[in-house]
Amino acid sequence: MITIVTDGGPEDMGRVRRIDQKEIPERWVVAYYGRHQHFERTSATELVEGLRAPVFRFTYSTAIAE
């Protein structure tokens, strides 16, 4: 599990997320309330629970196809 911080996106999604990956990805997509929220990794980090977590900036949202 990796801890990341999101910048932007839906306000009620929360900023700190734990993702089930072994390496930090360049892009991260999460399904949230019927839409895919797309984020890209930045060079920034934030301190979370004593550890540096990478910051991912919101880029766009797409509808989930059925």
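Biologist: Is Tyr32 buried or exposed?

Modeller: The classes rest on relative accessible area: buried means under 20%, exposed over 50%, and partly exposed in between, with a 1.4 Å probe and protein chains only. Tyr32 is buried, at a relative accessible area of 15%. Tyr33, in contrast, counts as exposed at 72%. Please note that this is a predicted model, in which local features need pLDDT of at least 70 and side-chain atom pairs count only at pLDDT 80 or more, while totals for chains, interfaces and linings use all residues. Residues are numbered from 1 along each chain as its sequence is written, and side-chain values use heavy atoms, with hydrogens and water left out.

Biologist: How many aromatic pairs are there, and by what rule?

Modeller: Rings of Phe, Tyr and Trp (its six-membered ring) pair if their centres lie within 6.5 Å; planes under 30 degrees apart count as stacked, over 60 as edge-to-face, and the rest as tilted. The count comes to three aromatic pairs. One of them joins Trp28 and Phe39, a tilted pair with 5.5 Å from centre to centre and 40 degrees between the planes. Trp28 belongs to strand β3 (residues 27-32) and Phe39 to strand β4 (residues 35-48), so the pair ties together parts that are eleven residues apart in sequence. Strands are DSSP runs of E with at least two residues, numbered from the N terminus. Trp28 is buried at 8% relative accessible area, and Phe39 is buried at 1%. Tyr32 and Tyr33 also form a pair, which is edge-to-face, with 4.8 Å between centres and 85 degrees between the planes.

Biologist: Which residues form the covered face of β3, and which the uncovered one?

Modeller: The covered face holds Trp28, Val30 and Tyr32, whereas Arg27, Val29 and Ala31 form the uncovered face.

Biologist: How do β3 and β4 run when they pair?

Modeller: Two strands pair if DSSP finds at least two bridges between them. Here β3 and β4 run antiparallel and are joined by six bridges. His36 in β4 is the bridge partner of Ala31. The two strands form a hairpin with two residues between them, and Tyr33 in the turn has a positive phi of about 50 degrees.

Biologist: What is a salt bridge, and how many does the search find?

Modeller: Side chains of opposite charge can pair when their charged atoms come close. The criterion is a side-chain nitrogen of Lys or Arg within 4 Å of a carboxyl oxygen of Asp or Glu. A search of the whole structure finds four salt bridges. Among them is the one between Arg27 and Glu40, at 3.5 Å from N to O. This pair links distant parts of the chain, Arg27 in strand β3 and Glu40 in strand β4, 13 residues apart. Arg27 is exposed at 59%, and Glu40 is partly exposed at 33%.

Biologist: Which side chain does Glu49 meet in a salt bridge?

Modeller: Glu49 meets Arg18, with 2.8 Å from N to O. Glu49 lies in the loop between β4 and β5 (51-63) and Arg18 in strand β2 (residues 16-19), so the pair ties together parts that are 31 residues apart in sequence. Glu49 is exposed at 67% relative accessible area, whereas Arg18 is partly exposed at 43%.

Technical notes: Helix = DSSP H or I, 4+ residues; strand = E, 2+ residues; numbered from the N terminus.
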